[in-house]
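Please take a moment to look over the sequence and the structure shown here before reading on.

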Amino acid sequence: MASVELIDITKRFGAVEVIKGLNLSVPDGSFTALLGPSGCGKSTLLRMIAGLEDVSGGTVQIGDTDVTHAEPKSRGVAMVFQSYALYPHLTVAQNICFSLSLAGASKAAQKEKGDNVAKLLQLEALMGRRPAELSGGQRQRVAIGRALVRDPKVFLFDEPLSNLDALLRVQMRLELAKLHNDLKTTMIYVTHDQVEAMTLADKIVVLDKGVISQMGSPLDLYNHPANRFVASFIGSPGMNFLPAVVRMQPGGLHAGFEGGAVMKLTPRATPHFDGGQKVEIGIRPEHVALTNPGQGQIDGVATVFEQLGNTSYVYINTSLGQIIVEADQSVRLHPGDRLGLTFDPARAHVFDANGTAWAETT
Amino acid sequence: MTTAQTMTLAKARRIKKFNVAGAIITILTVIGAIIFAFPLYWGVITSLKFDQDVVRPGLNLLPQRWTISNYIHVLTTSNIGRWYLNSLVTSVSVTTIVVLMSAGAGYAISQLRFPGRRILWWMILASFMVPVPALIVTHFVLMADLKLINTWAGVILPQLLAPVTVIIYKQFFDSVPKEFREAAIMDGASQFQLFFRLYLPMNWGITTALAIITFIGAWNSFLWPFLAVTSESMMNVAVGITQVRDNFGVYYARDLSSAVLAGLPVAIIYLLFQRRVTQAIMLTAGIKG
């Protein structure tokens, strides 16, 4: 096990700078997710930690060792690829023991380690098969086994579940969580799926255009997004953003919506507040309540009603744009129904024109 | 007539038209196959006739008297054993070296980044455009200077120029997903291990196909071995069988039995690895086309 320190890391491809002076500390034994949209630089960052990509500037440190220019094999890291990259001409056992075989380990040593890994990942019955004869989930487990057999200090996962179907993804997520719990090895996990990041990681790093947008625990990011980008990226369905004007009125800060509705906000740090400032109020679907028309802050018309069994989502057209509401499973609505909407002011987020959140103050 | 009936009728007509076209193509193909196979058939049948029967007037599609005396004669009175050995040694050497060298060169050009890589690649492509006969004189002078005339090495060396196999390997190595390479690098593989334990085994099919076609080419090669060897004991089978005619005069049955013996190993290899040979021919044709 080891921590990973990235100090002032930059990466340029020609004139394009994809990672811009990034600093990140991954604690020893943690499960850290690098989360962001396609092209944000998360895979590049992971590949730089692995040594598969040269860094243009900065330092990569694993444990106490500077590995910035070290060969991948001498970094003590193992990587699980998105495509699994299982060698098609080798059996499961040979795939798992490939690194040992390259290092010249004896057949007996290979078998012993291979069997231990197979037992841990329940691959015993598959050891003689080739990758083409395995299901997606089995291939995934073999890929993990291949990483595991090297006893790495750090595991790197590059979107390992993205090729699996929804059901298998949930199952594998659980297995990965168990694995981390058992091994307590440092794991860095790249994903664009916020659900994976939220469920697996104890620390999420949200990347946007090569810089860290925010990092913290999953709930911290969910409940206290530092900016509009993080707020929109975390949570499914995404947060509703409503244009508003913030004014200081008797009793505190108030957000005024188009059409005259007003919502009292909880106390917040208000940088550069000049009174009458245009902002966006961010509110998650579960923090909007449905009421009768005229009884809420604004009214709207239901356009789509999605029932998921345990919950429902209502897409409502309002004068402020489309608002998504999470409703109780017992609610029955039809497109065209007119509704009132009430926002929970305690759960509202305020984003200024630059997209920066005004943090709540107590 | 309803629309459905009209459509069914039209479909039936189309099927009928297609079948006629298919039948014509089949007949033409069969005629073509007969035309191409007939000389082979004629050669084999003639080699099983007595020489007196060969020149008998009329189309004798089957021998009136069967004999293997021509084969016995060639096997017992000529140097064919030695020619087989020469062919075997030179063909196996050419095949092994060409495959290893081409795979190595293809791997280097495809996967390694080194100064001059692009120029090297263009040179290989350009060399592909130079016909081998145009180099024969140069090869002969070079081999003579190296005192390699009438040696196995002299026969082998000029046949090692095989840009097309380098091109094929390069293309195949290009198509290997980079994740395999990166996974192996993470596993601690060196360049040699990457080449021998990943890229070559993953492209085993193409290696087999290229090896077979190279072997057949080397076994059948005539022009260069004919020039590079003057001593009968160093001749390969293809060149050696010309000596059979010289030794015994024009005896068609004996000449053809020696030709059949010369072509037999290649025919056996072709029959055993038919699919691979076809694959290799398609690959080289694809490159050339």
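**Helices that pack in chain B**

Helix α4(B) passes α11(B) in a right-handed crossing, where a crossing is called left-handed if the near helix is turned anticlockwise from the far one by less than a right angle, and right-handed if clockwise. Before going further, note that this is a predicted model, in which local features need pLDDT of at least 70 and side-chain atom pairs count only at pLDDT 80 or more, while totals for chains, interfaces and linings use all residues. Residues are numbered from 1 along each chain as its sequence is written, and chains are lettered from A and ligands numbered from 1 in the order in which they are written.

Two packed helices are described by the angle between their axes and the distance between the axes. The axes are lines fitted to C-alpha atoms, for helices over the stretch in contact, and the angles run from 0 to 180 degrees between N-to-C directions. For helix α4 (residues 80-111) of chain B and α11(B), the axes come within 9 Å and cross at roughly 140°. That makes α4(B) oblique to α11(B), given that angles under 35 degrees count as roughly parallel, over 145 as roughly antiparallel, 65 to 115 as roughly perpendicular and the rest as oblique. The residues of α4(B) in this contact include S87(B), V94(B) and A103(B), and among those of α11(B) are L210(B), F215(B) and W219(B); two residues are in contact if their C-beta atoms, placed from the backbone, lie within 7 Å. By class, the contact of α4(B) with α11(B) has 9 nonpolar, 6 polar and no charged residues, where Ala, Val, Leu, Ile, Met, Phe, Trp, Tyr, Cys and Pro count as nonpolar, Asp, Glu, Lys and Arg as charged, and the others, Gly among them, as polar.

Helix α4(B) also packs against α8(B), at an angle of about 45° and with the axes 8 Å apart. That angle makes α4(B) oblique to α8(B), and α4(B) passes α8(B) in a right-handed crossing. On the α4(B) side the contact includes V98(B), G106(B) and Y107(B), which meet residues of α8(B) including V166(B), Y169(B) and K170(B). The contact of α4(B) with α8(B) has 8 nonpolar, 5 polar and 2 charged residues.

How do α8(B) and α11(B) pack against each other, and at what angle? Helix α8 (residues 163-174) and helix α11 (residues 204-220) of chain B pack at about 175°, with their axes 11 Å apart, which makes α8(B) roughly antiparallel to α11(B). Here T165(B), I168(B) and F172(B) of α8(B) meet I206(B), L210(B) and T214(B) of α11(B), and this contact has 4 nonpolar, 2 polar and no charged residues.

**Chain B as a whole**

Chain B has 15 helices and 0 strands; helices (H or I, at least four residues) and strands (E, at least two) are DSSP runs, numbered from the N terminus. Of the 289 residues in chain B, 33% are buried, where a residue is buried if 20 or more other C-beta atoms lie within 10 Å of its own, exposed if 12 or fewer, and partly exposed in between, with C-beta atoms placed from the backbone. Among contacts in chain B between residues at least 6 apart in sequence, 74% join residues at least 24 apart.

The loop between α6 (136-145) and α7 (152-156) of chain B holds K147(B), which has a positive phi of about 60° although it is not a glycine. K147(B) is exposed, because 10 other C-beta atoms lie within 10 Å. N150(B) is also found in the loop between α6 and α7 of chain B, and its phi is near 65°, a positive value in a residue other than glycine. N150(B) counts as partly exposed, because it has 15 C-beta neighbours inside 10 Å.

**Chain A and the contact between chains**

In the contact between the chains, 14 residues of chain B touch 16 residues of chain A. On the side of chain B that touches chain A, α9 (178-186) and α10 (191-202) each supply at least two residues, and α9(B) gives the most, with 6 residues.

Chain A is divided into domain 1 (4-233) and domain 2 (240-351), with bounds that come from an automatic or database domain assignment. The C-alpha centres of these two domains of chain A lie 39 Å apart, and their contact takes 4 residues from domain 1 and 4 residues from domain 2. P237(A) is found in the loop between α9 (228-233) and β11 (240-249) of chain A, and the peptide bond from S236(A) to P237(A) is cis, with omega near -5°.
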